[in-house]
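Subject: Structure for you, with notes

Hello,

Here is the structure for you to open. My notes follow below it.

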Amino acid sequence: MEQQLQQLKEEALTKIQDASTVKELNDVRVAYLGKKGPITDLLKGMGKLPAEERPKMGALVNVVREVVTESLEARMTLLEEEAINAQLAKEAIDVTLPGRPIQTGNHHPLTRVVEEIEDFFISMGYEIAEGPEVEKDYYNFEALNLPKGHPARDMQDSFYISEEVLLRTHTSPVQARTMEAKGGEAIKIICPGKVYRRDNDDATHSHQFTQIEGLVVGENIKMSDLKGTLDLFAKKMFGADREIRLRPSFFPFTEPSVEMDISCFKCGGDGCNVCKKTGWIEILGAGMVHPNVLQMAGYDPAAVTGFAFGMGPERIAMLKNGVEDIRHFYTNDVRFISQFHRSEA
Amino acid sequence: MLVSTKWLNEYVNINGINPADLAEKITRSGIEVDSIIDRSHGMTNVVVGYVKECVKHPEADKLNICQVDVGEETTQIICGAPNIAQGQKVIVARPGAVLPGGMKIKKAKLRGEESNGMICSLQELGIEGKLVAKAYAEGIYVLPQDTIPGENALPLLGLDDTVLEFDLTPNRSDALSMLGVAYEVGAILSQGIALPKIDFTESAEKAEDKLKLRVDAPADNPMYVAKVVKNIKVAESPLWLQNYLMAAGVRPHNNVVDITNYVLMEYGQPLHAFDYDRLGTGEIVVRHAEEGEKITTLDDTERTLNSHNLVITNGKEPVAIAGVMGGANSEVHNGTTTVVIESAYFAPASVRQTSKEVGLRSDASTRFEKGVDPNRVQEAAERAAQLMAELAGGEVLSGSVIVDELDKTAERITISPDYINSRLGMKISMDDMLSILERLKIPTEAINGQLVIEAPTRRQDLRIKEDIIEEVARMYGYDEIPKTLPVSESTPGGLTPYQAKRRIVRQFLEGAGLYQAITYSLTSKEQSQAYALETAPVTELLMPMSEERSILRQSLIPHLLDATTYNVARRIDSVALYETGSVFLGEEEDGLPREVEHVAAVLTGKWVDHAWQGETKKVDFFVMKGIVEGMMERLGLLDGLAFEQAAIDGMHPGRTANIFLNGERIGLVGQIHPTEQKKRDLKETYVMELNLERILSVDTDELLYAPVPRFPSISRDIALVVDSGTSAGTLEAIIRKAGGKLLKDVKLFDLYEGNNVEEGKKSLAFSMTYFDPERTLTDEEVVKAHEKVLNALTNDADAQLRG
Ligand SMILES: [Zn+2]
């Protein structure tokens, strides 16, 4: 019987090693260790043995059983692993296939510029003021020191609706309205919006375009405050190493009036095609609020002063993003707008 | 304004200053120099030649063979100009010369004849054709006989000159004259300036005996000075005068006209010269024109006048439109011997209006429009008389004929140095301020620590204290202003709730896959009211530039559709755009339309496009509706939102809904009518438009959290068969009403029409969630609630339960 047992063990171990799938191996388990298997049979047959042999044989059968079980488990682990590996190999994918697109849109490039400017000035304590696009001649011109017949009205030929109403030619009427509404209080505002002028649309002109202006009114507001504010703004918008310079200019609603240039952000001031070889790029107009404008809005020019500045988001976007034709902003070609998808910190 | 540095040097010493440096200084201190023009264009080897002999080329009709003395030799040059002739002094570009167009002069053979250079026209030397005197406009330029063969021709022609082109702001009309520029440059360089010396002898005969003058419109013409010069010999002006005029952009005509133009450029005071004999009456009367009165101006155009146009007449008929242009009938011509010089002050507004109406802008009108210096009207007339005596052999009659009611007093401005410094944020000393004003030749006295200023009348832009602040600052240098920040109560700054919510709307729509468009507010009559949410009168331009942009829009949809068509035409099949912007409704009491901000979107083509995994989906109504719902959900406004089938012009009658918020119509969503789609070459296209202002101004409750459920919820599904016409919304409303407090949520999860469902019926399946936040629901409670729902559906919607 001992010999029979030994033979059985050898047989089982060979079969275990021969089993190449989990199923075959399970068959081997059932065949040798199952309730109807030979080892069970042997154990059942123990009763026929003399009593003194029983413990010895019992131990022997258990050893064989353990050896077979162990071998089977080991083989099982191996086969299972192989099966998993085979399955994983089957599940392999081509990771270079395109991902499922997360389709999102983006801001129009002008909104991008406007919001960047808004956010900078908000951080400096400004509020955003808005006003009507169809405006009274009074707010668009007269309240801004441009009485009827003023030669500077030539500079901005306008779309009139009636004698007294027109499409605003700048966002400055929002300044006039805000001052009138604030009734003498201090003001720090930014006014973005659409404006209109009688221009034929071409690469550098658009009958509709965007402006963003700023106004600060209060006691003891000085020209140096304007310069300091614009300097910070230029550095935020165009890079920390930008320099600014002011040049005398003329606007009817400010006195003194200036134009602000920034050192060229492309060449750093050496001269290139962006700055037309001058090293400087004109960015905005500004000045100290004209006393007539303050007075008309109900402020006492002897007691309060103010500064104002204004710029064109189109020009800034054209400079910053290298856009060569202003009409791109208004044709709404998806191939154009979608290029402004990237966020910039 | 074109400023010849050579001419400028007659008044202020700029010798040795590089024109580019000068331009930079001028720009930084107040007047923008737009460009710097080198009139020599780097030319060399351009000399005076003497045409000793000129014969026809045997082989070519139009060519002449010339033997030209060019100083060091006599050489043969072939010339094709029609006005070439023996005995002329001409301009010769010798071999090796490079002309402004880039033409290199070489020895050449023309039809077998050697040609050693080129005889030049002024155009070939870089002078614009419209500036070349008519006599030489079509051929070579002929130099005066006193020029010497071989002499460098460039200085003779004033081409050894650099011109600065000024871009003048409207306030600096003082710099519309060489003297004005000289004052400015003198101040910049801290130099004195040399004014012209006016000195001539007058004849015994008195001007006022020869000419009568009357001004019938003194408001528009407060000052008129006339001088009379007789025995004039009209001829070509001397070369230097012609050169200066061409450098200034003025075409030379004859000495009399050139002198008036010269003085115009020198003083900024426009002058006019009449032929005394052609005036015919010995009289000048300034008056307003009669309505419909006609005059033929110098440019041979007949113009019809209005009664507010100011004219100069000979007492009978107009001889000039005041300040704008002279008449042909009194023009100086070659036979003129007696000239009347007019120097006047015409009211800016009057000239501006007239020049606009007759469509004529001249060097004269631009200066009158801005207001000429009242104190130079007389002087300019004297200067012209002097030059006519010197250059045209004229005899100046004594005195002037004058009407003068013009106020010539200077503006007095008193300002303290502290005031200037406080406005600038600087600490400029009073001495420095005085020295700056002295450099600008602005008479100033320091009285009791104040600057008392007599603003010169040539500087019409100096009226108030701030103007003086600017003068001091720009001369001191804007670079010297420190950088500070406003010291004021610190304010938090920020967006209004409306502005913040508008940004949320944009972010949501972009997150949903839409690109932001910005379209024009002006549109055509046809599109102006299409898709408008409200009916209101349109707002129309008085003088549109085109029909296409003549009226303000009342809906954002038409231009979004235009943009879609634009993209689709460029083979971009899927377009998803939105816009926020104003629409313009009717006329309010104060004359302004009501501007309402709307948001609109357009979708066409594919919505999901992930083809290789089989996920592609065309846009449909429910995509756009989902966007609207998602947006409203983000704004906390989903609860009051309702959609109702609607018939709207231009929209698909079966696929369009009105959108309501708390019972108020706030927008529309749906498919564009197929006919409209076809017209625009679009496939299925969906739009929505909402009154953004309405939506963003709804106050929403504070966001309060609801406890996360601690007890399980129970779901029940039902399938119903109802009439095809019964809407899902109706069924949902019935379910919600009947479900009571325990019904937490209702979701449609299946919709079916077709096989197995009776004709005219459809099957819908809903999933209902029952829930009590306080405890676990018992089966009985759910069954009870659910039964109520089923009964309501059967009773109210005639619904049959399905298997
Ligand atoms: Zn550059």
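Let me start with one helix. Helix 15 of chain B covers residues 497-511, which is 15 residues. From first C-alpha to last it reaches 21 Å, close to the 21 Å expected at 1.5 Å a residue. The expected span is 1.5 Å times one less than the number of residues. Helices here are DSSP runs (H or I, at least four residues), numbered from the N terminus.

Before you read on, note that this is a predicted model: local features need pLDDT of at least 70, side-chain atom pairs count only at pLDDT 80 or more, and totals for chains, interfaces and linings use all residues. Residues are numbered from 1 along each chain as its sequence is written, chains are lettered from A and ligands numbered from 1 in the order in which they are written, and side-chain values use heavy atoms, with hydrogens and water left out.

The buried residues of helix 15 of chain B include Tyr498(B), Val505(B), Phe508(B) and Leu509(B). Buried means under 20% relative accessible area (1.4 Å probe, protein chains only). Just after the helix, Gly513(B) has a positive phi of about 110 degrees.

Helix 15 of chain B packs with helix 18 of chain B, residues 621-634. Their axes come within 10 Å and cross at roughly 140 degrees. The two are therefore oblique. Axes are lines fitted to C-alpha atoms over the stretch in contact, and angles run from 0 to 180 degrees between N-to-C directions. Under 35 degrees is roughly parallel, over 145 roughly antiparallel, 65 to 115 roughly perpendicular, and the rest oblique. From helix 15 of chain B, Ile504(B), Val505(B), Phe508(B) and Leu509(B) meet Ile627(B), Gly630(B), Met631(B) and Arg634(B) of helix 18 of chain B. Contact means heavy atoms within 4.5 Å.

Helix 2 of chain B (residues 19-29) and helix 4 of chain B cross at roughly 95 degrees, with axes within 10 Å. They are therefore roughly perpendicular. Leu22(B), Lys25(B), Ile26(B) and Ser29(B) of helix 2 of chain B meet Glu184(B), Val185(B), Ile188(B) and Leu189(B) of helix 4 of chain B.

The cores

The largest nonpolar core has 155 residues, and Phe309(A) and Leu577(B) touch the most other members. Helix 4 of chain B (residues 178-189) gives the largest share, 9 residues. A second, separate core has 41 residues, among them Val215(B) and Tyr276(B). A nonpolar core is a set of buried Ala, Val, Leu, Ile, Met, Phe, Trp, Tyr and Cys residues joined through side-chain atoms within 4.5 Å.

Leaving aside neighbours within four places in sequence, Leu577(B) is in contact with residues including Val334(A), Ile337(A), Leu514(B) and Leu560(B).

Asp225(A) sits in helix 8 of chain A, residues 223-238. It counts as buried, at 0% relative accessibility. Beyond four places in sequence, Asp225(A) touches Asn220(A), Phe307(A), Thr484(B), Leu485(B) and Pro486(B).

Ile16(A) lies in helix 1 of chain A, residues 2-18. Its relative accessible area is 0%, so Ile16(A) is buried. Ile16(A) and Met76(A) are 60 residues apart in sequence and 9.0 Å apart in space, C-alpha to C-alpha.

Asn254(B) lies in the loop between helix 6 (239-247) and helix 7 (255-267) of chain B. At 9% relative accessibility, this residue is buried. Asn254(B) is 4.8 Å from Glu236(B), C-alpha to C-alpha, and 18 residues away in sequence.

Best wishes

Key
Buried means under 20% relative accessible area, exposed over 50%, partly exposed in between (1.4 Å probe, protein chains only).
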